[in-house]
Amino acid sequence: MKADLRSDSSCVNSSRFGIKWKTFGILAGFILIVLFVIWFFQVNMLDYFYLTTKFSELEESIGRIEEKVEGDENELKNTVFSCAVENYSSICVMKIEDGVARMVVEADGPITSVTRIMSDKDMVRLWRLAYENGGTYISTISAGEIYESKKAEIFENSEEDPVENAYRKSRRGTVSAVYSKLITRESGEYLIIETSDLTPVRATVKTLQRQFWWIGLILLILALGLAALLSRVITKPIIKLNEAAKQLAGGNYNGDFRAKGYREIDELSKTLIHAADELSKTDRLQKELISNVSHDLRTPLTMIKGYGEVMKDIPGENTPENIQVIIDETSRLTELVNDMLDISKIRAGTRDPKMEVFCITDTVRATLSRYEKLTERDGYTIDLLTDGDAYVFADRSMILQVIYNLVNNAVNYTGDDKRVTVRQECENEKVRISISDTGDGIAPEEIPLIWDRYYKVDKVHRRGAVGTGLGLSIVKGVLELHGARYGVNSRQGKGSVFWFELELCERDTATSEMRKDNND
């Protein structure tokens with residue numbers, strides 16, 4: 001046992017991390033996952049989402065303009081201007097006639113986009129790209145590239161406005177989203193171009209990255225503090241219960257298992273309190289059993305040894321009476337050992353009932369026939385009251401043992417009139433066997449305990465008239481194996497009635513079913 005305890009202790013100590021650090025690890029891992037998700041979508045994918053959103057806005061506004069192309073010209077102008085203002089974009093609507101693009105409407109939002117510095121060649125290129133891509137072309141365009149392609153034209157044109165030229169130079173670093181769409185109407189083909197400047201997000205990304213470092217550090221510190229707080233709240237009652245459990249393992253059943261916390265701790269506390277009470281009761285009753293069994297074993301052994309020595313040392317004492325005493329005491333020892341073995345087998349689940357159909361009434365009669373000498377010698381009266389033969393499907397030897405032990409118990413505890421009554425009653429497809437005595441009865445608080453294999457109502461040990469004192473525990477085990485109902489009705493000063501019930505069965509039907517099961 002000590003070796004087992006050492007191995008268990010080593011298993012317990014093999015965990016290197018406590019609740020505090022495990023909680024911190026879980027919280028830290030969760031925080032890192034959250035930070036990674038935020039970084040991936042808000043930093044790494046920021047350009048993608050921003051550009052996607054921008055193109056969606058341009059597509060929506062061009063759809064609105066498309067509906068007004070062949071309508072009222074003022075309404076078209078108002079729609080173009082409204083979309084340009086809303087999207088901070090530049091929009092131009094051109095009509096294609098004989099391969100030449102004629103401007104119909106154009107408008108600039110609060111920020112003039114690169115459309116203003118596009119040359120005719122750029123417009124034609126967008127028209128061609130839209131045509132080649134099924135009528136729609138989306139892309140990004142750098143104002144610097146447009147400026148370089150426009151530079152030669154600027155220098156060749158001596159009438160170029162120097163202010164306009166300066167504006168174009170200032171726009172060289174701008175990148176814009178371009179959405180061009182070619183539509184066909186009854187009046188001809190139209191090309192709608194909308195461009196909107198893309199705000200540089202590099203500085204924003206760097207700012208977010210710095211923030212993430214600080215946010216991550218702060219969250220990890222908070223996770224450590226929260227883990228320490230949670231571990232303290234969680235482990236404090238567990239540590240208390242653990243210390244009390246160690247005392248329980250050492251045999252101290254009076255440890256303080258009261259602990260408050262969350263629901264599981266309250267349930268564990270109640271469970272340990274109940275376990276301590278049961279172990280305390282079992283330990284106490286087991287000591288009483290050992291004391292009683294030791295006495296029951298010592299008495300017949302002493303008598304066997306004494307009579308054997310007398311027969312050996314004293315001539316003429318080898319009489320049938322002395323030999324009969326040795327035989328009787330040996331039988332009592334055998335009965336006590338067999339009862340203890342039966343209890344062990346039933347508790348271990350290794351004793352399986354061998355089911356058969358039999359007449360329980362005949363079994364009761366056969367059991368009571370064993371007490372003929374007891375009734376003749378000691379004046380006991382055992383009455384049998386039946387309402388006819390009853391058949392059951394059970395293990396006959398086990399049920400006989402139940403009846404025998406209940407009768408033994410009644411004989412040992414009946415009153416001065418030495419009367420025991422055995423009744424058989426059939427009702428509601430069940431047969432009830434009850435054994436009553438006229439003894440002192442059982443106190444109400446002791447009735448739930450009498451079936452325990454360690455319990456003894458009479459705390460003062462006495463050598464019973466018959467039986468070993470372990471019968472009620474055997475009765476309980478056998479009846480539970482059969483799934484039978486059982487119980488006791490008792491009033492102090494009025495005696496006790498022990499009873500059990502089994503299901504009735506027709507003799508022929510039950511026999512055929514049993515044979516069918518055996519064949520299967």
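Which residues make the nonpolar surface patch of about 710 Å², and what lies around the elements that carry them?

A: Quick ground rules before we zoom in. This is a predicted model, so local features need pLDDT of at least 70 and side-chain atom pairs count only at pLDDT 80 or more, while totals for chains, interfaces and linings use all residues. Residues are numbered from 1 along each chain as its sequence is written, and side-chain values use heavy atoms, with hydrogens and water left out.

Now the patch. Its members are Ile 33, Phe 36, Val 37, Trp 39, Phe 41, Tyr 48 and Phe 49. A patch here takes residues with over 30% relative accessible area and no salt bridge, joining nonpolar side chains (Val, Leu, Ile, Met, Phe, Trp, Tyr) within 5 Å and like charges within 9 Å. Areas come from the Shrake-Rupley method with a 1.4 Å probe, and for residues only the protein chains shown count as cover. Helix H2 (19-44) and helix H3 (46-68) each put in at least two residues, with H2 giving the most, five. (Helices are DSSP runs of H or I with at least four residues, strands are E runs of at least two, and both are numbered from the N terminus.) Tyr 48 sits in H3 and counts as exposed because its relative accessible area is 51%; the cut-offs are over 50% for exposed, under 20% for buried, and partly exposed in between, using a 1.4 Å probe and protein chains only.

Arg 64 forms a salt bridge with Glu 86, with the closest N and O atoms 3.1 Å apart; the term means a side-chain nitrogen of Lys or Arg within 4 Å of a carboxyl oxygen of Asp or Glu. Arg 64 lies in H3 and Glu 86 in helix H4 (residues 73-87), so the pair ties together parts 22 residues apart in sequence. Both ends are partly exposed, Arg 64 at 32% and Glu 86 at 48%.

Glu 66 is buried at 17%, whereas Lys 181 is partly exposed at 22%. Salt bridges with shared partners join Glu 66, Lys 181 and Arg 185 into one network. The structure holds 14 salt bridges.

The largest nonpolar core has 38 residues, and Ile 360, Val 407 and Phe 500 touch the most other members. A core is a set of buried Ala, Val, Leu, Ile, Met, Phe, Trp, Tyr and Cys residues joined through side-chain atoms within 4.5 Å. Helix H13 (396-413) is one of the elements supplying at least two residues, and H13 gives the most, nine. Leaving out residues up to four places away in sequence, Val 407 touches Leu 368, Tyr 371, Ile 382, Val 422 and Ile 435, where contact means heavy atoms within 4.5 Å. Apart from that core lies another, of 19 residues, among them Val 80, Ala 84, Ala 107 and Ala 177.
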